[in-house]
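Good morning, and thank you for coming.

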Amino acid sequence: LTSFSNQLRTVANNQSNTSVTNFTIDTKKPGIIFVDPTDSSGYLVSRRDILVNTSSSDINNNYTIINLYRAGIINNTLWFNSSTSSYNNFSTLDDGIYYFNATAYDLAGNKNTTGTNVIILDMTPPVVTVVNPAFHMNYIRNTTMTANVTDATAGVMEVAFEVHDKGTGLTYNLTDFTYPYSANLVTMPDSRYNITVRGSDYAGNNNYSDNRNFVLDRVPPTIR
């Protein structure tokens, strides 16, 4: 805190004093950090909201701004006046990649900005289609099953071929993690089967194909 006073003296030696003025010199940036329950950077979640909570510290705190970006464009901006704690739940958001940061300002015009967090929202399950066996194929001898699985936002994490042997009642779960997605029935006996393919993405969403019924028959006919 600094004060000063002005004194005027005329040629006739008359004297007049101004009032004392007090002012504060502040060149220090305010402190600001993310605190719980802020979503950590790198999160990939199946929901429609983003949580942001900040804590700022400055004896001359003024306001805090939180910016939410998507595709390089400000999606939302919030102002918090004269508060050291700023919390918001950005809700009803679409699938996509979002970035957010916060800036604290003090009364002297100093400012400080947090790092930028990135979070991916994805509530859309993968698209799953069985390629082989084809829908109309009742009898097959090819033991390789294939599926087309795509996910636009989070990406495909796992594809599971759930094969049910109608003869024995056993169910086999054959998984694949890399495109093109396939599973092989070479070790399974000839029998009647039902197959369903499950696709899972990295946000935890799941989707299933339609059911396919087929007969695996690798034994050639007998000629007499």
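Are Y63 and Y105 buried or exposed? Both Y63 and Y105 are buried, where buried means under 20% relative accessible area, exposed means over 50%, and partly exposed covers the range in between, with a 1.4 Å probe and protein chains only.

Before going further, a word on the basis of these values. This is a predicted model, in which local features need pLDDT of at least 70 and side-chain atom pairs count only at pLDDT 80 or more, while totals for chains, interfaces and linings use all residues. Residues are numbered from 1 along each chain as its sequence is written, and side-chain values use heavy atoms, with hydrogens and water left out.

I turn to the overall composition. The protein chain has zero helices and 22 strands; helices (H or I, at least four residues) and strands (E, at least two) are DSSP runs numbered from the N terminus. Of the 224 residues in the protein chain, buried residues make up 39%. Among contacts in the protein chain with a separation of 6 or more, 59% are between residues 24 or more positions apart, a contact being heavy atoms within 4.5 Å.

Let me return to the aromatic residues. Rings of Phe, Tyr and Trp (its six-membered ring) pair if their centres lie within 6.5 Å; planes under 30 degrees apart count as stacked, over 60 as edge-to-face and the rest as tilted. By this rule the count is five aromatic pairs. Y63 and Y105 form a stacked pair, at 4.7 Å centre to centre and 20° between the planes. Y63 belongs to strand 8 (residues 61-70) and Y105 to strand 11 (residues 96-106), so this pair ties together parts that are 42 residues apart in sequence. Together with W79, Y63 and Y105 form one aromatic cluster.

Y193 and F214 have ring centres 5.8 Å apart and planes at 25°, so this pair is stacked. Y193 in strand 20 and F214 in strand 22 are 21 residues apart, and their pair links distant parts of the chain. Y193 and F214 are buried.

F214 brings us to the nonpolar cores. In soluble globular proteins, nonpolar side chains tend to be buried together. A nonpolar core is here a set of buried Ala, Val, Leu, Ile, Met, Phe, Trp, Tyr and Cys residues joined through side-chain atoms within 4.5 Å. Which members of the largest nonpolar core touch the most other members? They are M145, F161, V163, V197 and F214, out of 19 residues. Six strands each supply at least two residues of this core: strand 14 (127-132), strand 16 (144-150), strand 17 (156-165), strand 19 (181-184), strand 20 (191-201) and strand 22 (212-216). Strand 17 gives the most, with four residues. Leaving aside neighbours within four places in sequence, the contacts of F161 include M145, Y172, L174, Y181, I195 and V197. A second, separate core of 15 residues includes I50, V52, F100 and A104.

Next, strand 16. M145, A147 and V149 make up its covered face, and T144, T146, N148 and T150 its uncovered one. Strand 14 and strand 16 run antiparallel and are joined by five bridges; two strands pair if DSSP finds at least two bridges between them. T129 stands opposite N148 in strand 16. Strand 16 also pairs with strand 19 in the antiparallel sense, over four bridges, and M145 stands opposite A183 in strand 19.

In the loop between strand 15 (139-140) and strand 16 we find T143. T143 counts as buried because its relative accessibility is 12%. Its side chain makes a polar contact with the side chain of N184 (2.9 Å). A polar contact is a pair of N or O atoms within 3.5 Å; within protein, one must be able to donate a hydrogen and the other to accept it, and residues adjacent in sequence count only if both atoms are side-chain atoms.

Three strands form an open sheet in the order 5-7-10, with antiparallel pairing. Strand 5 (31-34) and strand 10 (85-90) stand at the edges with a single partner strand each, so one side of each is left without a neighbour in the sheet. Four bridges join strand 5 to strand 7 (residues 50-57), and G31 stands opposite S57 in strand 7. P37, in the loop between strand 5 and strand 6 (43-45), is partly exposed, with a relative accessible area of 39%. Leaving aside neighbours within four places in sequence, P37 is in contact with L51, N53 and Y87.
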